[in-house]
Amino acid sequence: FRIMAGKVKWVTDIEKSVLINNFEKRGWIQVAENEDWNFYWMSVQTIRNVFSVETGYRLSDDQIVNHFPNHYELTRKDLMVKNIKRYRKELEKEGSPLAEKDENGKYIYLDFVPVTFMLPADYNLFVEEFRKNPSSTWIMKPCGKAQGKGIFLINKLSQIKKWSRDSKTSSFVSQSSKEAYVISLYINNPLLIGGKKFDLRLYVLVSTYRPLRCYMYKLGFCRFCTVKYTPSTSELDNMFVHLTNVAIQKHGDDYNHIHGGKWTVSNLRLYLESTRGKEVTNKLFDEIHWIIVQSLKAVAPVMNNDKHCFECYGYDIIIDDKLKPWLIEVNASPSLTSSTANDRILKYNLINDTLNIAVPNGEIPDCKWNKSPPKEVLGNYEVLYDEEMAQSDGADRDLRGRPGQSPGVKGGRARDAGKPVLTTWK
């Protein structure tokens, strides 16, 4: 860290002692220090303190921070779903072909998050949906927690009533006035490899939201469960079957400390190409890119696009057995600790490449620069979407960005003749 961050000036000497005294215990993580410079990687709580009206602190032009002030619009489970739903409605009102629905009323292009309700606010709506398919399984998650904490599965209304129900008023109440939950339809047909469920952890760097410019990290990985998957209701309480979080799986008897239950994305790609074919595999990864770009577009209008900020998100994607990807959640602080030797190399490179984009050439940061680094500094990142470039190319090509698909005359699906249209985010 000393080598890659030694020339990055995030905290001036004059402010150094004041900031350390006031913030270090509240979440500043000191990564490197030498005689001239200090580099800090802030926690989300510290960002809240820095941008709080009460503190009155203002960042100077040579200070860059690693979160947007209201990053939680994307990274809180309830707000992510709320913003995506709002985004869909807005596109519908505009008559956008992206918001087209099929004969069953499902979005054709924007159906990438499982059916989700907020509790306790949407309890009655959830019950109505549950009764349409009483045999379904649902997963409950606290909105503000990570690492699989507080998550459980249900398949009976009585289970949720037992969890939080006021029998006197027969109304749904939260266990805690502070803690809200989301409840989502459980993806009970996940793609299995070796009989085990897995998800994808992908890293996405956003340098600016308006205009949107984001980068995909090529070295993501799959996280596998340690116990073979079964949809059996008798195993609903076995989190080693259902949750891929390393924080949970590492406590399992079958956890492998050498490979950590992880596969690289490139290994997954090779596996899928050999078992399902290259064309199908390319389509899957293109749809994953599509999901990420649309989720970022959904929150862009409400995000506080402070010029001092950038952010590296951890996207969690699950693939079902029909090779349809689903966005599960987005993490504001994806783990940078390493559980294996390969993990350590990957995350070292991730931090290094992220800093090279946020502060090119290790120079003193300047928040006024255009945030469009040259290709040679991208490392393992590749441009996922550049809104300025897409707009300069002319008409919006979002829909045509999906291989073989075009809005057509009335916004329906249509096959493009000849070679596939290039995606707008590449």
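The second largest pocket in this predicted model has a volume of about 1100 Å³. A pocket here is an open set of points on a 1 Å grid over the protein atoms alone where a 1.4 Å probe fits, with protein on both sides within 12 Å along at least five of seven lines. The volume is the space filled by probe spheres set on the points. Local features need pLDDT of at least 70, and side-chain atom pairs count only at pLDDT 80 or more, while totals for linings use all residues. Residues are numbered from 1 along each chain.

**Pocket lining**

**Strands S12 and S13**
- Strand S12 (residues 311-319) pairs with S13 in the antiparallel sense over six bridges, where pairing requires at least two DSSP bridges.
- Gly314 has Asn331 in S13 as its bridge partner.
- Five residues lie between the strands of this hairpin, and Leu323 takes a positive phi near 60°.
- Six of the seven residues of S13 (325-331) are buried, meaning under 20% relative accessible area with a 1.4 Å probe, protein chains only.

**Cysteines**
- The whole structure has zero disulfides, a disulfide being a pair of cysteine sulfur atoms within 2.5 Å.
- Cys143 is buried at 2% relative accessible area, and Cys222 is buried at 0%.

Technical notes
Side-chain values use heavy atoms; hydrogens and water are left out. On a 1 Å grid over the protein atoms alone, a cavity is a set of points where a 1.4 Å probe fits but cannot get out, and a pocket is an open set with protein on both sides within 12 Å along at least five of seven lines; lining residues have an atom within 4 Å of a point. Buried means under 20% relative accessible area, exposed over 50%, partly exposed in between (1.4 Å probe, protein chains only). Helices (H or I, at least four residues) and strands (E, at least two) are DSSP runs, numbered from the N terminus.
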